[in-house]
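Please look at the model shown here, and then read on for a short report on some of its helices and strands.

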Amino acid sequence: MRSASGTWAVIMDFVADTVAQSSALSRDEAVQAMSAAEAVGRMLIAADHLQRHPITLVAGKVHCEITTVSGIAALTLEENLNPVPGAAGADDFMIYLPSPVPLQEQVKAAADGHARLSDAAPPAPETKAANSGPLIDREALRRAATQR
């Protein structure tokens, strides 16, 4: 269980590490893009929008939909935070932010704040990622919950 800020930091690292697999792309640029979207990202997380509407990273062969899970459901899923393979040959990337009705203006403002962010619908995936899977580490969450 993480705060919205903590969750955003984990998502930011996940996106940056995935993009960094490409020698043509900059991890720093991914961090800058995610930083530009941080305020709206935390709002999306806190309002549980990322449970239904994913952030989508498209980089080369990678088409990664990032969602969150909260509450008791978070204890039953397995987290996968390893960089998604397939971005090594990418020469471009884009981060598509979901734009649910109550936050459309904030999402648009964030997307306008960095060239690598978009509030448009992401393109359809070409293929399923080989490393797709749940994004929750069930055992780590159980340990954290029992330590409280």
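The buried residues of helix α2 are covered by parts that include α1 (4-19), α3 (38-46), β3 (93-96) and β4 (117-118). Here helices (H or I, at least four residues) and strands (E, at least two) are DSSP runs, numbered from the N terminus, while buried means under 20% relative accessible area, exposed over 50% and partly exposed in between, with a 1.4 Å probe and protein chains only. This is a predicted model, in which local features need pLDDT of at least 70 and side-chain atom pairs count only at pLDDT 80 or more, whereas totals for chains, interfaces and linings use all residues. Residues are numbered from 1 along each chain as its sequence is written, and side-chain values use heavy atoms, with hydrogens and water left out.

In α2 (residues 27-36), Ala 30, Ala 33 and Met 34 are buried. These residues lie on the same side of α2 because they cover an arc of only 95° around the axis, the arc being that of the directions from the helix axis to the C-beta atoms. Ala 30 counts as buried because its relative accessibility is 0%. Not counting residues up to four places away in sequence, Ala 30 touches Val 15, Ala 16, Val 19 and Phe 93, where contact means heavy atoms within 4.5 Å.

| Pair | Atoms | Distance |
|---|---|---|
| Ala 30 and Val 19 | C-alpha to C-alpha | 6.9 Å |
| Ser 26 and Asp 28 | side-chain oxygen to backbone nitrogen | 3.1 Å |

Turning to the strands, four of the five residues of β2 (residues 62-66) are buried.

Terms used. A polar contact is a pair of N or O atoms within 3.5 Å; within protein, one must be able to donate a hydrogen and the other to accept it, and residues adjacent in sequence count only if both atoms are side-chain atoms.
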